[in-house]
Amino acid sequence: MKKRGAKILIILIAIIILIVGIILLKKVIKGKDNEEVGIISNKEEMENNIVIAGLSEKKETIFSGNDRPIAIMIDNHKEAWPQAGIQEAYMVYEIIAEGGETRLMALLKGANVDKIGPVRSARHYFIDYVMENDAIYTHFGQSPQAESDIKKYNINNVNGIYEDGVTFWRVKDKNSPHNAVTSTEKILESAKKKKYNTTSSKESVLKYATDEVNLEEGEEAMTITIPHSNLQTVKYTYNKEKQVYERYARKIEQKDWDTGETITTKNIIITLCDNYTLTDTEKKGRQGLKNIGTFDGYYITNGKSIKIKCTKNARNEKTKYKDLNGKEIEINDGNTFVQICPTDAKIKIEAENNNNENIISKNNI
């Protein structure tokens, strides 16, 4: 009986051990399943975080890459129209020159443009904006003041006077001196021969936004009229469908030389600072520019405008564009025309209307 009872006890213990083992095994299996689910969840969360991070790290496209900007002086005489290469520029400066004419300086970065021009001579105050953009200055000749400053500031430049027929060529459908053109490929070839840096790590002068800037508190800006002089008046009209401004000068629609398409811009910056006539021995009416200091201005984009302050503390320092609260403005990712004109210029910023006479804002900052 004792032997039989011992056997029964052993069998019961074995059964208990088996049951406990099964329970433990189930727990282990369940734990592994939960761990796998946790791994999958963590993986999905990491992937989502990467996507979110990627969105938060979105960069502007107009100023992307490490290509060094190229600044090219563009002839803006009526006989030079239409021009080539302007639409491909990320920034275009327009500033007064002698005789009431203006001259343009187009800045290109990482673009491959087969024809740019007509190219004209350098002016010394444009060098201020060459330096703040860390650009290679491309021009065809120069004023005495520009020649002096190019040497003084050691400006990397490509001059058509010395490279006509090599980096520059003449076209037959325009008359001299409005017929010298170049290309980004030719400019870079010349720059490499001169051992200039063709890459740059410097940030943009403008603070580009990753999200669309709509200037919710701004005034309506459907038509903008900017008189640089009695001769040169620029007008921009807003194209709601394309969300860009179309450019006119002296009541003529500005078009690309080769494509025939209207010149447009996403952003317009107006800086109000005075020019003056130089008293040099040549007496050709060349101009100077009082652009060091803080000046009134406007930022215009997407059919709206706000008043801003434009501050440049030194010729080789970047211009800061701030709103009236002192905050640096964010610029829409797209091309920008910077219009530098006299403080007494009768700027008109108009809302859309039938007779185009509802003036929202004049130069009354």
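1. Ground rules. Helices (H or I, at least four residues) and strands (E, at least two) are DSSP runs, numbered from the N terminus. The model under review is predicted.

2. N154. With that numbering, N154 sits in the loop between α3 (144–152) and β5 (157–159). Its phi is near 55°, a positive value in a residue other than glycine. Most residues other than glycine have a negative phi, and most peptide bonds are trans. N154 counts as exposed because its relative accessibility is 63%.

3. D134. Here is another backbone to check. D134 is not a glycine, yet it has a positive phi of about 50°. Its place is the loop between α2 and β4 (136–139). Is D134 buried or exposed? D134 is buried, with a relative accessible area of 18%; the cut-off for buried is under 20%.

4. Cis peptide bonds. The bond from W81 to P82 is cis, with omega near -10°. P82 belongs to the loop between β1 (70–74) and β2 (91–96). The bond from S176 to P177 is cis too, with omega near 10°. P177 lies in the loop between β6 (169–170) and β7 (180–181).

5. Salt bridge D258 to K115. The structure holds 15 salt bridges. One of them joins D258 and K115, with the closest N and O atoms 2.9 Å apart. D258 lies in the loop between β12 (252–253) and β13 (264–265) and K115 in the loop between β3 (102–108) and α2 (126–132), so the pair ties together parts that are 143 residues apart in sequence. D258 counts as exposed, at 52% relative accessibility. K115 counts as buried, at 17% relative accessibility.

6. Other salt bridges. Side chains of opposite charge can pair when their charged atoms come close. D164 pairs with R170, the closest N and O atoms being 3.5 Å apart. D164 is partly exposed at 38% relative accessibility, and R170 is partly exposed at 36%. The side chains of E253 and K255 also meet, at 3.9 Å from N to O. What cut-off applies to that pair? A salt bridge needs the side-chain nitrogen within 4 Å of the carboxyl oxygen. E253 counts as partly exposed at 29% relative accessibility, as does K255 at 36%. A network of salt bridges links D128, D149 and R315.

7. Positive patch. Which residues gather in a patch of positive charge on the surface? They are K207, K320, K322 and K327. K207 is in the loop between α5 (184–193) and β8 (219–220). With 36% relative accessibility, K207 counts as partly exposed.

8. Nonpolar patch. I11, I15 and I19 form a nonpolar patch on the surface. Together they have about 270 Å² of accessible area. I19 is found in helix α1 (residues 2–56). Its relative accessibility is 44%, so I19 counts as partly exposed.

9. Cysteines. How many disulfides does the structure hold? The count is zero. C273 is in no disulfide, and its nearest cysteine sulfur, that of C341, is 8.1 Å away. C341 is in no disulfide either, with the sulfur of C273 as its nearest cysteine sulfur. C273 counts as buried, at 2% relative accessibility. C341 is buried, with a relative accessible area of 1%.

10. Contacts across the sequence. G218 and I306 are 88 residues apart in sequence. In space they are 5.0 Å apart, C-alpha to C-alpha. G218 is in the loop between α5 and β8. G218 is buried, with a relative accessible area of 15%. K235 and I347 are 112 residues apart in sequence and 10.0 Å apart in space, C-alpha to C-alpha. K235 lies in strand β10 (residues 233–239) and is partly exposed, with a relative accessible area of 30%.

Terms used:
Residues are numbered from 1 along each chain as its sequence is written. This is a predicted model: local features need pLDDT of at least 70, side-chain atom pairs count only at pLDDT 80 or more; totals for chains, interfaces and linings use all residues. Side-chain values use heavy atoms; hydrogens and water are left out. Patches are made of residues with over 30% relative accessible area and no salt bridge: like charges are joined within 9 Å, nonpolar side chains (Val, Leu, Ile, Met, Phe, Trp, Tyr) within 5 Å. Accessible areas come from the Shrake-Rupley method with a 1.4 Å probe; for residues, only the protein chains shown count as cover. Lys and Arg count as positive and Asp and Glu as negative; His and the chain ends are not counted. The place of a charge is taken as NZ of Lys, CZ of Arg, CG of Asp or CD of Glu. Buried means under 20% relative accessible area, exposed over 50%, partly exposed in between (1.4 Å probe, protein chains only). A disulfide is a pair of cysteine sulfur atoms within 2.5 Å.
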